[in-house]
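Reader: I have the sequence and the fold open on my screen. Could you walk me through some of the strands and charged side chains?

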Amino acid sequence: MVVDRNNVWAPVGLDLTGSTSIDEALRKAELDFTVEKQFLYDQSGVKIPGYFMNRRSDNGNVLGIVTGKYNIVQNREAFDFINNLIPEGIEFEKGGVWHNGRAVWVEAKLPGEYNILGDKVESHVVFINAHDGKSSVRVCMLPTRLVCSNQLALAIKNATRCWAAIHSSKIEGKIEEAKSTLLLADKYMDALSNEMETMAKKPMTKDEFRNIVDEVYPVDTNDSNRKRTNTVGIRTALMQAYDAPDLDNFNGTAYKAIQSVADFMSHRQAQRNTNEFYDARFMKLVGKDQEADKLYSRIMAA
């Protein structure tokens, strides 16, 4: 049964479907604000030399402390090159903020579908702009397996999953950035397909997968009851994901183990149903999730 992806990601971001330009997408996602660099003062009201604060112009939220060398890239400037992807068939899906605007994101689906081991996989991409002074404009791949809406955020040695976008004020630079996005996205999806085919041929029993899960999520007798309960709950959920029937054709393979991790990480439930939890889950999927990376690397290296 195909899972409705909109229901899976309902708590995250705002709907951008039908947007025909980045301006419309930013407006729908409430990302059409600007950021200003303002002087920074200490508690005595004395200006701190060499340091400034990035502040949202619409609500005054402080987004980060930066030096004088830092140049703000407004959301419209950061994402302007996406307009050159629209004629190629890109479709906007969602957009939103992290940490009150310290970072903003727009998610879209690239044209076409991939067939990986008999499954339809869509090529999704997340564009990110940061205002905290710690990171640049980035583009991250987030492939989606349609049969279960799993996001497979897998690091692959010979293909880049996340890369920095080169901000340019010239139209030629924007066109080149759009071409680069498509090229790197295709390269990643091809590499992902090859890697999954390799994993489908790699033997791994359910007990071997369980041992990896127990290794990554150890239960320590010195831990609090709450932490031990949480750890056991994660172990149980991962093994339940392994027993899902949609991967029965791949029993006893590393591919099934990898998809089990993807299923758990994509649909992991909160103990308390809050938007903050779902935002954090999405941030991990898009960026770097240490837990998922450990599981993936152990499965691939076994």
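Reader: In what sense do β5 and β6 pair, and over how many bridges?

Author: Happy to start there, with a predicted model in which local features need pLDDT of at least 70, side-chain atom pairs count only at pLDDT 80 or more, and totals for chains, interfaces and linings use all residues. Residues are numbered from 1 along each chain as its sequence is written, and side-chain values use heavy atoms, with hydrogens and water left out. Strands here are DSSP runs of E with at least two residues, and helices are runs of H or I with at least four, numbered from the N terminus; two strands pair if DSSP finds at least two bridges between them. Strand β5 covers residues 91–98, and its pairing with β6 is antiparallel, over 7 bridges.

Reader: Which residue in the turn between β5 and β6 has a positive phi?

Author: Trp 98 has Ala 103 of β6 as its bridge partner. The two strands form a hairpin with 4 residues between them, and the turn residue with a positive phi, about 50°, is His 99.

Reader: Which residue takes a positive phi in the hairpin of β6 and β7?

Author: β6 and β7 run antiparallel and are joined by 11 bridges, with Lys 109 standing opposite His 124 of β7. Their hairpin has 2 residues between the strands, and the positive phi, near 55°, belongs to Leu 117.

Reader: Why is β6 described as largely enclosed?

Author: Accessibility settles this one: buried means under 20% relative accessible area, exposed over 50%, and partly exposed in between, with a 1.4 Å probe and protein chains only. Strand β6 spans residues 103–116 and is largely enclosed by the rest of the structure because the buried residues number 10 of the 14.

Reader: How far apart are the closest N and O atoms of Arg 76 and Asp 80?

Author: A salt bridge is a side-chain nitrogen of Lys or Arg within 4 Å of a carboxyl oxygen of Asp or Glu. Arg 76 is partly exposed at 33%, whereas Asp 80 is buried at 11%. Both belong to a network of salt bridges that also links Asp 23 and Lys 174. For Arg 76 and Asp 80, the closest N and O atoms are 2.2 Å apart.

Reader: Which side chain of opposite charge is nearest to Asp 132?

Author: Asp 132 sits in the loop between β7 (119–130) and β8 (138–141). For charge, Lys and Arg count as positive and Asp and Glu as negative, while His and the chain ends are not counted. Asp 132 is buried and has no salt bridge; at 5.4 Å, the nearest side chain of opposite charge is that of Lys 134.

Reader: What is the length of the polar contact that joins the side chains of Thr 34 and Ser 57?

Author: Thr 34 lies in the loop between α2 (22–28) and β2 (35–41), and its C-alpha atom is 5.7 Å from that of Ser 57, 23 residues apart along the chain. A polar contact is a pair of N or O atoms within 3.5 Å; within protein, one must be able to donate a hydrogen and the other to accept it, and residues adjacent in sequence count only if both atoms are side-chain atoms. Between the side chains of Thr 34 and Ser 57, the polar contact is 2.6 Å.
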